[in-house]
Structures are given as C-alpha cells and as structure tokens.
Amino acid sequence: MKKGVLKKAAVTVLSLTVAMASLAGCGNDEGGSSKNTASGSKHGGPYEEEITIDVFDSLANFQGEQSGWFGKIVKDKFNMKLNIIAPNVAGGGDTLFQTRSANGNLGDIIITNLDQSRLKDLVQAELVLDMKDYIKDCENLKKCENAYTEASKLAEKDGVWAIPSEVSNQKATEPCDANEATNSPSLRWDIYKEIGYPAIKDMDSLLDVLYEMQNKATESDSGKKTYALSLFKDWDSDVMQNATGLCALYGYQNVGFCMAKVDGTDIQSDIDSDGIYIKSLKFLFDANQKGLMDPESTT
C-alpha cells in the first residue's frame, strides 16, 4: 500500500506490558478493508458500517474476536470488532510474525517488543505507519510525547512509529507499585462480597477464599463450569512465570535460577525445599487438589 495510508480508518492504542509498543500497521486493501467514513466525533467513530481490525499481539494468550466488557466498549464506541492474532496460540516463536511480515500485512494494530532492531526492520519493510499526523490532536498522547519520541528513535527514521505500552506521569525515581501493583490477587469483587469478605492472611487462606468463591459462582455467563485459577506457559523461561508471580507477593523476584528479595536481604535457590518458589509450586499443587485449577490450562 502507499506509504502513510492506513489500511483501515482507525488507530487504537492498547496497553499491555513493559518493553512493548503499539504500532499502526500497513497492509494491502484486500480482505475486509473498510472504506466507510466516521461520523466526525472526537474519537473518529463510530463508523457507519461495522469494521474489523486485525490486532497482532506478541503476548496475547487468546486468539479470535475480542469479547467481554472491553469488546463491548470498542463495539459501542467505534462500531468496531477486534480480531486478535496471537503467535503464542498459533504455536509460539516468530513463525507467524515472519510469515505475516513476508506477506506484507502483519496487522492493522501491532503490539510487539521493540528490541533487537525489530522496529527498525518493520519501518524499513513499510509494515508500520508514521502516526505523526494522526495523533497530533490527541491530548492524552501529548502527555507522553517524550516516551513515544524516544521509542520511535529506534526506527532510525523521522516519524512517530511506536507508542510504548507502559508510560507513567510519575517521576522516574518514584515507584508506582504502591498504587498500581504488578502482581496481586485479582478477585471477582461481587462474589467476594457474597461470601462475606473473609480475611486473606496468607496463601493458604487465599485458597480457602477461592474455594468458597468457586462454589458460589459455579458457572460462567455462558453456562460453562468456572475455575478459580488457570495457568499458561507463554511467559515461562528459567522457571514457571505463574509461580514467580506468587513469589512477588512476598517480595521476591526471579533472577536466573534464584529468587532474590528485592530489598537485598535474601537470595534463594529455586530448588531450595524451604524456598518461596517451591512454596508457590505447592500452592498451585494444592489448588489443583482442591479442584480450583482449570484442567484445560495445561494444554
């Protein structure tokens, strides 16, 4: 396609994880491109005819049409559907990225890492769009202009090529975890209320609470059996990422094959029988024994 022209008339910014960025993709005009016009509201929609946007997301654990509350917001506000394309679901690795790149259409919105010259390669291959003219009136994005300007420098070409997914308006010297935790238990508050807000003092009492909640809400809105916990392997490396998230609740961070207390007071081997990592694995084991673990999450 011609440089500087969007395949579909939309630019949306999604936020996922550190070292990731949202890019507006370019592609050919075949296969569902929408040529209708927006109604002229501030956000550029809703569109008169429903459009579907392909979202290539390197970290997504789901593939297909975005559903749930977020899917509804996008539909109501833009008359738009999001089709999530997830390499992790499609087999992992860079195979899907390379295949779609070779076809000249990675996606309408691309969420991926910017390291190892990836942004530079995408720009040189004309797979992403210079968003400068599209975001010039976006007041919220102007607040993080320095962030996307610095990120775009990785392309080694003038323009706005990427918007970082994690931007803060706090000073670089001030931690944000105190008001926006990276790791924390996430509970359905309405169900937690129904069982009487029981205190959660440690991981064992968390299991008890999850057991009560699962027995209270036995089915999802679609009629499927609900489970308190579900695992995924996509972020595993030296150790199991889902277990290290539990370690973080006690102030430990994975460093290679060790768990280090972030205040520097302790460091443990991951296979220490009394260590926090083994305790976290035991938590997941006990959850499975209690019937709280989604049996399909292993596959």
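Q: How many bridges join strand β8 to β9?
A: Strand β8 covers residues 258-261 and runs antiparallel to β9; strands are DSSP runs of E with at least two residues, helices are runs of H or I with at least four, and both are numbered from the N terminus. This is a predicted model, in which local features need pLDDT of at least 70 and side-chain atom pairs count only at pLDDT 80 or more, while totals for chains, interfaces and linings use all residues. Residues are numbered from 1 along each chain as its sequence is written, and side-chain values use heavy atoms, leaving out hydrogens and water. Two strands pair if DSSP finds at least two bridges between them, and for β8 and β9 the number of bridges is 3.

Q: Which residue of β9 stands opposite Met-259?
A: Let's walk along the pairing of β8 with β9. Cys-258 stands opposite Ser-269 in β9. For Met-259, the residue opposite in β9 is Gln-268.

Q: What is the order of the strands in the open sheet?
A: The sheet has 3 strands with antiparallel pairing. β7 (252-255) and β9 (267-269) each have a single partner strand, so one side of each has no neighbour in the sheet. Neighbouring strands are turned by 30° against each other on average, direction ignored, using axes fitted to C-alpha atoms and angles that run from 0 to 180 degrees between N-to-C directions. The order is β7-β8-β9.

Q: In β8, which residue is the bridge partner of Tyr-252?
A: β7 and β8 are antiparallel and pair over 4 bridges. In the hairpin of these two strands, 2 residues lie between the strands, and Gly-256 takes a positive phi near 65°. The bridge partner of Tyr-252 in β8 is Lys-261.

Q: Which residue takes a positive phi in the hairpin of β8 and β9?
A: This hairpin has 5 residues between its strands. The residue there with a positive phi, near 85°, is Gly-264.

Q: Is Gln-268 buried or exposed?
A: Gln-268 lies in strand β9. Not counting residues up to four places away in sequence, Gln-268 touches Tyr-252, Phe-257, Cys-258, Met-259, Gly-275 and Ile-276, where contact means heavy atoms within 4.5 Å. Buried means under 20% relative accessible area, exposed over 50%, and partly exposed in between, with a 1.4 Å probe and protein chains only. At 13% relative accessibility, Gln-268 counts as buried.

Q: Against which elements do the buried residues of α8 pack?
A: α8 is mostly covered, with 6 of its 8 residues buried. They are Asn-242, Ala-243, Thr-244, Gly-245, Leu-246 and Cys-247. One of them, Thr-244, has a relative accessible area of 14% and, leaving aside neighbours within four places in sequence, is in contact with Val-239, Asn-254, Met-259 and Tyr-277. The elements that the buried residues pack against are α7, β7, β8 and α9.

Q: How many disulfides does the count come to?
A: A disulfide is counted as a pair of cysteine sulfur atoms within 2.5 Å. The sulfur of Cys-138 is 10.0 Å from the closest cysteine sulfur, in Cys-144, which is too far for a bond. The number of disulfides is 0.
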